Amino acid sequence: YERLQEFFEDILNHKISQGMLVKINRQCYENLEVPDAKIKEQLIASSILNHDESGMKINGKLHWMHVASTPHLTNYGIHQTRGKESIDLMGILPSFHGRLVHDFFRPYFKYDCEHALCNAHHLRELKFIEEEKKQAWAKHMANLLLAIKNQVEWHQEKNIELSEIKIQAFEHCYDEILMMGIWHLDNIQKPPEINKYKNRSKQTKAKNLLDRLRFNKDMVLAFMYDPSIPFTNNQAEQDIRMVKIKQKISGCFRSNEGANWFARIRSYISTAKKQGQGILEVLQNAFNEKPFIPKMYGHSETA
């Protein structure tokens, strides 16, 4: 608020009170009720949806900023918890039945939709296991995922489908690399201690990742089976990054009300930018009670 007051005084030579700025935010929030509902409606109708979440402070207490997005739409929601209850309150995933791209956060699996896992997360974890744990299989798996990605993109450019023979070959390589990791000495489950009060040893990070790659193979390789599915969850991560930068520069929110104002207004601005609109114009239209209504780009949204 102080920076906005300085801006108006320095640029427009006009003093504006903090109370007026609060009123402006509230009015904009209220005028964007219809666009917000339209954004959610179109996100629900999308065939592919990206989702992510990040910690956000409100009055010094940890809350969670959730984002649901496509290349043409963005919707934010701020809630006290990170799990299913807060995701439900956004009003999108309970009615979504397309393909959800995410980072393997467990509550996402409670929704009636298909899933695709973010391979950027897998690549980061594989690099850690290769460099810190010295397990060679991780490098082979990372190289394989990137090779499949390159093949899918090349075939898309040529407008031809990836052949069934290549798909089977990639699947075979995937399974072989998994077996290398599973039988690595560091990943073999240690037997229980003789002491009956001691439990089995905890699984290594490498074994946890191997289990995820093994039992969710179709979700990991979803981008290979359907080229419209993105390789990563980069769309949602980019959309959530702006919020992290906001918190780093401007600090945390002081109230839940102000945080909710921000979430709706930012959803509107982000969506308008994605759809090629001028931000000053769409904000003026919002205050004139003629807000920009996002266009429907069809059910096939890809990142």
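Start by selecting Phe170, which is buried, with a relative accessible area of 14%. Buried means under 20% relative accessible area, exposed means over 50%, and partly exposed lies in between (1.4 Å probe, protein chains only). You are looking at a predicted model, in which local features need pLDDT of at least 70 and side-chain atom pairs count only at pLDDT 80 or more, while totals for chains, interfaces and linings use all residues. Residues are numbered from 1 along each chain as its sequence is written, and side-chain values use heavy atoms, with hydrogens and water left out.

**Stop 1: around Phe170**

Phe170 sits in helix α7. Helices (H or I, at least four residues) and strands (E, at least two) are DSSP runs, numbered from the N terminus. Now show the contacts of Phe170, where contact means heavy atoms within 4.5 Å. Leaving aside neighbours within four places in sequence, Phe170 is in contact with Leu144, Ile148, Gln151, Leu162 and Met224. Next, draw a line from Phe170 to Leu221: the two are 51 residues apart in sequence and 9.7 Å apart in space, C-alpha to C-alpha.

**Stop 2: a link from helix α7 to helix α9**

Select Lys217 and Asp175, whose side chains meet in a salt bridge (3.1 Å, N to O). A salt bridge is a side-chain nitrogen of Lys or Arg within 4 Å of a carboxyl oxygen of Asp or Glu. Lys217 lies in helix α9 (residues 217–220) and Asp175 in helix α7 (residues 164–182), so the pair ties together parts that are 42 residues apart in sequence. Are these two residues buried, or partly exposed? Lys217 counts as buried at 16% relative accessibility, and Asp175 counts as partly exposed at 33%.

**Stop 3**

Side chains of opposite charge can pair when their charged atoms come close. Go to Glu131 and Lys127, whose side chains form a salt bridge (2.8 Å, N to O). Both lie in helix α5 (residues 119–132), 4 residues apart, about one turn of the helix. Glu131 is partly exposed, with a relative accessible area of 38%, and Lys127 is partly exposed too, at 48%.

Then move to Lys207 and Asp211, another salt bridge (2.9 Å, N to O). This pair is 4 residues apart in helix α8 (residues 205–215), so about one helical turn separates Lys207 from Asp211. Here Lys207 is buried, and so is Asp211. Now select Asp36, Lys40 and Arg264: salt bridges that share partners join them into one network. The count for the model comes to 12 salt bridges.

**Stop 4: Thr271**

Find Thr271 in helix α12 (residues 256–274). Thr271 is buried, with a relative accessible area of 1%. What does its side chain reach? The side chain of Thr271 reaches the backbone oxygen of Ser267 at 2.9 Å. Not counting residues up to four places away in sequence, Thr271 touches Ile39, His72, Leu73, Thr74 and Pro294.

**Last stop: zoom out**

Show the protein chain as a cartoon and look for 13 helices and 5 strands. Along its principal axes, the C-alpha trace spans about 70 × 55 × 35 Å. Of the 303 residues of the protein chain, 42% count as buried. Among contacts between residues at least 6 apart in sequence, 62% join residues at least 24 apart.

How values were computed. Polar contact = N/O pair within 3.5 Å; in protein donor to acceptor, adjacent residues only side chain to side chain.
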